[in-house]
Amino acid sequence: MNSPDSSTGRSIDRLIGIMKRLRDPELGCPWDLAQTFRTIAPYTIEEAYEVADAIEREDMEDLRGELGDLLFQVVFYAQMSREAGRYGFEDIVETISDKMEARHPHVIGDAAIPTEAEQTLAWEDRKATERSAAQGRNGPVSALDGVARALPALTRAEKLQKRAARVGFDWPDIEPVYEKVQEEIAEVRSATEKPDIEEEIGDLLFAAVNLARHHGVDPELALRRGNDKFEKRFRILEQLVEDKGKTPVDYSIDELEGFWMEAKAAVG
């Protein structure tokens, strides 16, 4: 019987071998050969969202497939990097292994970090040290370094706020946050030109993320669930309208509001 380690190694080798064949200059797949780091990046983001969606739906069988798709993205990047004479899959694995060992001295080492809260602080401190070392080679250091611009806007807003809070730039309690939201709503109302309205709505959304953060709520997850709730209710509204032999455009907004209330009562 094969040990788990040897079985895993063969599985990874098989996947890497498939990727090499797909990128073979003479016999490979034309589509795979045409790809670059930039063209693959959007697929990586899409695959990560599909992983999150499978988890949200609690579909563990689908999750297995989505995790495989995400892993394939890493193998794809590794192959392109190897072709460019940089690094390969094994180097990526070594890098993350070194990083995880360094960030877990309480597990792989003698450090004593007993609580989850202390572990979180130690983790962030270690990441900050790593960022400082990297930025020391490239320019001035900021508490906001390393927050990827490609993140979803709500998630990035939350991360920026958390980073600022770690150096003391944060409201001490939630009341000023509510006041800030109301202030931003008023500024949206008073804006007249489209560029100004866009900017003020951006400020309002940023303030809303701050409110979610102070309540301990993930804003991205909250909005995703809000989207799901709207979709369920609207689909019921459509069915209610269809049962009467009509479409939503046949009704006024006030009439549709009545159907909406029925839909809310049906699904909560």
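A residue counts as buried under 20% relative accessible area, as exposed over 50%, and as partly exposed in between. By that scale, Arg225 in this predicted model is partly exposed, because its relative accessibility is 47%.

**Overall form**

The protein has 11 helices and zero strands. Its radius of gyration is 25 Å, well over the 18 Å that the globule rule gives for 268 residues, so the protein is more spread out than a compact globule. Along the principal axes, the C-alpha trace spans about 65 × 50 × 40 Å, and buried residues make up 22% of the 268 residues.

**Salt bridges**

| Pair | Closest N and O atoms |
|---|---|
| Arg57 and Asp53 | 2.7 Å |
| Glu56 and Arg225 | 3.2 Å |
| Glu183 and Lys180 | 3.2 Å |

Glu56 lies in helix α3 (residues 37–56) and Arg225 in helix α10 (residues 219–243), so that this pair, 169 residues apart, links distant parts of the chain; Glu56 is partly exposed at 31% relative accessibility. Glu183 and Lys180, by contrast, are three residues apart in helix α8 and are therefore separated by about one helical turn; Glu183 is partly exposed, with a relative accessible area of 37%, and Lys180 is partly exposed as well, at 30%. Salt bridges that share partners also join Asp53, Arg57, Asp59 and Asp62 into one network.

**A charged patch**

Glu193, Asp196, Glu198, Glu199 and Asp203 form a negative surface patch, and of these residues Glu193 sits in the loop between α8 (175–190) and α9 (194–214).

Note on methods
Residues are numbered from 1 along each chain as its sequence is written. This is a predicted model: local features need pLDDT of at least 70, side-chain atom pairs count only at pLDDT 80 or more; totals for chains, interfaces and linings use all residues. Side-chain values use heavy atoms; hydrogens and water are left out. Patches are made of residues with over 30% relative accessible area and no salt bridge: like charges are joined within 9 Å, nonpolar side chains (Val, Leu, Ile, Met, Phe, Trp, Tyr) within 5 Å. Accessible areas come from the Shrake-Rupley method with a 1.4 Å probe; for residues, only the protein chains shown count as cover. A salt bridge is a side-chain nitrogen of Lys or Arg within 4 Å of a carboxyl oxygen of Asp or Glu. Lys and Arg count as positive and Asp and Glu as negative; His and the chain ends are not counted. The place of a charge is taken as NZ of Lys, CZ of Arg, CG of Asp or CD of Glu. Helices (H or I, at least four residues) and strands (E, at least two) are DSSP runs, numbered from the N terminus. The radius of gyration is taken over C-alpha atoms; the globule rule is 2.2 Å times the number of residues to the power 0.38. Buried means under 20% relative accessible area, exposed over 50%, partly exposed in between (1.4 Å probe, protein chains only).
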